[in-house]
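The sequence and the model are shown first.

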Amino acid sequence: MAPAYIRKEGSSFDLPIAIGILIATDQLRIKDVDNYGFIGELSLDGEIKPVCGVLPMALKAKESSLDILVLPVENSREAAVAGNLKILPANNLMEVINHFKGVQTLPVCSVDALSLLTPDSSGLPDFSDVRGQGQVKRALEVAASGSHNLMMIGPPGSGKTMLARRLPSILPSLTYDEAVEITMIHSVAGLLPPGIPLIANRPFRNPLSNITPAGMAGGGKSPKPGEISLAHNGVLFLDELPEFNREVLDMLRQPLEDGVVTISRLASCVAYPSKFTAVFAANPCKCGYFLSQDKTCTCTPTEIKSYFGKISGPLLDRIDLNVEVSTPSFDTLNSESRGESSCQIRARVESTRLIQKKRYAGQRIFSNSQLEGKLIEQYCKLDSSSKSLLRSAYSRMGLSARAHSRILKVARTIADMDSSEVIRDGHLAEAISYRNFDRRNWFTGERRSGMV
């Protein structure tokens, strides 16, 4: 099976091997056989069973100028999403043989991929359920508008997890290309839901703190996607961040910077796309009440530093927005007034993303968070007043060069939310306010009173 130098494994080769044997032994003749592709696992009774990763195979078949694919019935609609391919689903090997002998005709499967893009938002939690937390909701809207990473810190029960779970409800609807990328990754991982040929909702991945490095980045003899890749074009939420293994957290650095995760093995090297919005949540200390205004923290400054010392500086440096979450008051929780719905917020987010899409047309950039190098200089220009403000913050807060760039990108997003082509002092000041953890005195005892 050409090319011979590529090692092949997996049950998806069963059907093509069987067809090859039948042709080689003159038991079956197929006209224009070079136009056909065969995919499927065979059971001992000849049944063609479904396999994983059919959509990427179908797209590769189309790229290789194949016209027709014969594959399991259960995989047929997934393969049809690739478009411009004749998909012939079969239940068993005898049906395939009879089709080429002219005894019967396999049906053709087709789907309208664009009609499958309608997301099902009925099960998503809504922002209208959140009482108070205006500052945090604003930060989440900024994160969604520019695809920025965000960290929330606050005492237990302040609503960090509740807020994070609502972020997908305000993200823009998926494009066809984004949906195909998500579906391919889930298909390869064997996680594509039965009967769902195309995933229309952005993923929300929430791995537990005891996850292994292989579970986070992916792995195995034939490397499969991990949580980092399964969150592609969606949200990766890590709750109780300091509780994660440091090796696991350090694996986030490459995908947060490059949007890809590379898995190297002795016989292969696989790169999976991993562009996601990262949301982290953590208590400010081991007891959880370092920032609480109602309860007393029992941790010493040394213990607080040790608790957050598990998170490396380079990882914290890659987080665009940091926001402190306080426990809402009784009156706020029992207020009858409801906040904005996710639908209202999403409309603003999509409007902001449209501004970015037009600005970066033809540059393979879809959000402000992807700006790098000269593009930051080009699109995040500051006037003399704003430069003076940023210079003061850079010195006072002890910012790094990476933090400097991220402030500019967040300021660009806030300006877009304000429909302003110019980054003004107010936009920059808000972006700087989201860098709380860069303050040199963040972990000192003077903040134990709960001051924000």
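Which residues of α15 meet which residues of α18? In this predicted model, Thr-352, Ile-355, Gln-356 and Arg-359 are the residues on the α15 side, and their counterparts in α18 are Arg-412, Thr-413, Asp-416 and Met-417. Sorted by class, this contact comprises 2 nonpolar, 3 polar and 3 charged residues.

**Helix packing**

Helix α15 covers residues 342-359 and helix α18 covers residues 401-417; their axes come within 8 Å and cross at roughly 115°. Angles of 65 to 115 degrees count as roughly perpendicular, and α15 and α18 are therefore roughly perpendicular to each other. The handedness of this crossing is right-handed.

Helix α18 also packs against α19, where the two axes come within 8 Å and cross at roughly 130°. This angle makes α18 oblique to α19. The crossing of α18 and α19 is right-handed. From α18, the residues taking part are Ile-407, Val-410, Ala-411, Ile-414 and Ala-415, and they meet His-427, Leu-428, Glu-430, Ala-431 and Ile-432 of α19. By class, the contact of α18 with α19 consists of 8 nonpolar residues, 1 polar residue and 1 charged residue.

**Salt bridges**

Side chains of opposite charge can pair when their charged atoms come close. In this model the count of salt bridges comes to 18.

| Glu-430 | Arg-138 | 2.8 Å | Glu-430, 18% | Arg-138, 31% |

The side chains of Glu-430 and Arg-138 meet in a salt bridge. Glu-430 belongs to helix α19 (residues 425-433) and Arg-138 to helix α5 (residues 134-146), so this pair ties together parts that are 292 residues apart in sequence. Glu-430 counts as buried at 18% relative accessibility, because buried means under 20%. Arg-138, at 31%, counts as partly exposed. Glu-430 is also one of the α19 residues that meet α18.

Elsewhere, salt bridges that share partners join Glu-257, Asp-317, Arg-318, Asp-320, Arg-402, Arg-406 and Arg-435 into one network.

**Surroundings of Phe-38**

Phe-38 is found in strand β1, which comprises residues 36-38. With a relative accessible area of 13%, Phe-38 is buried. Leaving aside residues up to four places away in sequence, Phe-38 touches Leu-15, Pro-16, Ile-19, Ile-30, Val-70, Val-96 and Phe-100. The C-alpha atoms of Phe-38 and Leu-88 are separated by 9.6 Å, and these two residues are 50 residues apart along the chain.

**Residues with positive phi**

Where do Gln-133 and Arg-364 lie? Gln-133 is found in the loop between α4 (93-101) and α5, while Arg-364 lies in the loop between α15 and α16 (374-379). Gln-133 is not a glycine, yet has a positive phi of about 55°. Arg-364, also not a glycine, has a positive phi of about 55°. As to accessibility, Gln-133 is buried, with a relative accessible area of 11%, whereas Arg-364 counts as exposed at 73%.

**The chain as a whole**

The protein chain contains 19 helices and 14 strands. Its C-alpha trace spans about 85 × 50 × 45 Å along the principal axes. Of its 452 residues, 48% count as buried. Among contacts in the protein chain with a separation of 6 or more, 72% are accounted for by residues 24 or more positions apart.

Technical notes
Residues are numbered from 1 along each chain as its sequence is written. This is a predicted model: local features need pLDDT of at least 70, side-chain atom pairs count only at pLDDT 80 or more; totals for chains, interfaces and linings use all residues. Side-chain values use heavy atoms; hydrogens and water are left out. A salt bridge is a side-chain nitrogen of Lys or Arg within 4 Å of a carboxyl oxygen of Asp or Glu. Helices (H or I, at least four residues) and strands (E, at least two) are DSSP runs, numbered from the N terminus. Buried means under 20% relative accessible area, exposed over 50%, partly exposed in between (1.4 Å probe, protein chains only). Axes are lines fitted to C-alpha atoms, for helices over the stretch in contact, and angles run from 0 to 180 degrees between N-to-C directions. Angles under 35 degrees count as roughly parallel, over 145 as roughly antiparallel, 65 to 115 as roughly perpendicular and the rest as oblique. A crossing is left-handed if the near helix is turned anticlockwise from the far one by less than a right angle, and right-handed if clockwise. Contact means heavy atoms within 4.5 Å. Ala, Val, Leu, Ile, Met, Phe, Trp, Tyr, Cys and Pro count as nonpolar, Asp, Glu, Lys and Arg as charged, and the others, Gly among them, as polar.
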